[in-house]
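These are my notebook entries on one chain. I set down what I looked up, entry by entry.

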Amino acid sequence: MKKPSRQGFSTRAIHTGYNDREAKGALNPPLYLSSTFTFKNTREGSGLFAGEGDGHIYSRISNPTLEVLEKRFADLEGAEAAVSFASGMGAITSVLWTFLSAGDEIITDKTLYGCTYAFLQHGLSRFGVKVSCIDLSDPEQLRAAISQQTKIVYFESPVNPNMKLVDIEAISKIAREQGALTIVDNTYCTPYLQQPLALGADMVVHSATKFLSGHGDLIAGLAAGSAENMLRVRMEGLKDMTGAVLDPLSAHQLMRGLKTLSIRMDRHGETAIKIARQLQSHLMVKNVWYPGLDDFAQNDLAERQMRNGGGVIALELVGGFDQATRFMDALCMIKRAVSLGDADSLIQHPASMTHSTYTPEERASHDISESLLRLSVGLEDADDIWKDLEQALAGAKQSLVRAA
Ligand SMILES: Cc1ncc(COP(=O)(O)O)c(C=O)c1O
């Protein structure tokens, strides 16, 4: 018999993991607002606790609404299994607590989302885990640093906030040769733009608060990997260590976001490249970092591992931080807010906001410039986004001229 061909990404983002015939024909998966689940008899309950059968026990471990989301997301990442969490930080901490013990080493890229960095420095390192931060955009640095003590290699690509890329295939290969696990924070790309597991990584983690849900109306996290690793994450990290369980209502809303993920990511990418080019050609803009630009330093790598450059741009203005503040304050439609990946365009200043968890000295040595701005390009019309940026840049230019 001919094997049915695998359905496309958009189709799977809408249908995988749910059979409406098992739910009275409801088009959308039912919302199971139940903390606990009854057992037919004592034997069934004890069996479930012993890992026999596939029913539900208690919603901190699993829940039928979350199960649909997890099956769907695992499929999109090309993973055997996935686990959902109350936030991206819930996903990251649950995964790292599961696989690290005192005496182990975790090697990470030197630039990370601010709260991930804070967790490593203020959390893990206080419990006897050695945290080493190196520049993973140079795989040779990993080859030199990795040892028997290294249990995990962890990074984001693109890196938040400076848009540097890490070669997922090269890093995963070196880590695997040394018996270490590679974990990639795939928040900026989502599985639609980048598939770390297919490139050799062992696990992915996500802030599903961002592009995956896409509408700025919920906080959620996801992790995906082998069935064996995800079972450990669920039964150790999530159940016993963090308890960072996702609520079913947010899971339901997140599945609504997933249904439009591919078209949103195409649109974010199309608009972001236009805006990045327009910013680049403006006199008031000193630097623009966006992986889709022809002169982006890691353009080859971007083409190899990303479908498009994504929806986030990093930039610096002429005149440094003072001008950046004037520019940000002059924006009308684009909102000053942290987070990214929403339908609404958002802008923020990492050094004083998302990356204020680093000391100024740490920011200097971890490649986070004090005048860097992070723009999350939304789904508004590209012309309207540019008009707002242009009028704010014109205001910043006038104040620079007045000051001269
Ligand atoms: C790359 C990245 N990872 C993880 C997180 C944390 O996710 P959450 O805010 O959902 O806890 C963020 C949040 O901004 C992020 O940008």
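What distance separates the centres of domain 1 and domain 2, taken over C-alpha atoms? I find 28 Å between the two centres. The model is a predicted one, and I kept to its thresholds: local features need pLDDT of at least 70, side-chain atom pairs count only at pLDDT 80 or more, and totals for chains, interfaces and linings use all residues. I number residues from 1 along each chain as its sequence is written.

**Entry: domains.** I noted domain 1 as 9-259 and domain 2 as 261-403; these bounds come from an automatic or database domain assignment. Next I looked up the contacts across the boundary, where two residues are in contact if their C-beta atoms, placed from the backbone, lie within 7 Å. On this criterion, 34 residues of domain 1 touch 35 residues of domain 2. On the domain 1 side, two or more residues each come from α1 (9-15), α5, α8 (190-193) and α10 (248-259). I take helices (H or I, at least four residues) and strands (E, at least two) as DSSP runs, numbered from the N terminus. The largest share of that side, 4 residues, belongs to α5.

**Entry: ligand.** I counted 14 residues around the ligand, the closest being Ser 87, Gly 88, Met 89, Ser 207 and Thr 209; a residue is near if its C-beta atom, placed from the backbone, lies within 6 Å of the molecule. The elements giving two or more residues to this shell are α4 (88-99) and α5 (114-123). By class, the shell holds 4 nonpolar, 8 polar and 2 charged residues.

**Entry: strands.** I followed β2 (residues 105-109) to its parallel partner β3 (residues 130-134) and found 5 bridges; strands pair if DSSP finds at least two bridges between them. Glu 105 has Lys 130 in β3 as its bridge partner. Between these strands the chain passes through α5, and the β-α-β crossover is right-handed, that is, clockwise from the first strand over the helix to the second with the strands pointing away from the viewer.

I then traced an open sheet of 5 strands in the order β8-β9-β12-β11-β10, with mixed pairing. Its edge strands, β8 (285-289) and β10 (335-336), each pair on one side only. Strand β10 runs parallel to β11 (residues 346-348), joined to it by 2 bridges, and Lys 335 stands opposite Leu 346 in β11.

**Entry: two residues.** Is Val 204 buried or exposed? I record Val 204, in strand β6 (residues 203-207), as buried because it has 30 C-beta neighbours inside 10 Å. The scale is: buried at 20 or more other C-beta atoms within 10 Å, exposed at 12 or fewer, partly exposed in between, with C-beta atoms placed from the backbone. Beyond four places in sequence, contacts of Val 204 include Glu 77, Val 184 and Ala 223.

Gly 269, in helix α11 (residues 261-280), is also buried, since 22 C-beta neighbours lie inside 10 Å. Apart from residues up to four places away in sequence, Gly 269 touches Gly 292, Asn 308, Gly 309, Gly 310 and Gly 311. For Gly 309, I noted a separation of 40 residues in sequence from Gly 269 and a C-alpha to C-alpha distance of 5.9 Å.

Terms used:
Nonpolar A, V, L, I, M, F, W, Y, C, P; charged D, E, K, R; others polar.
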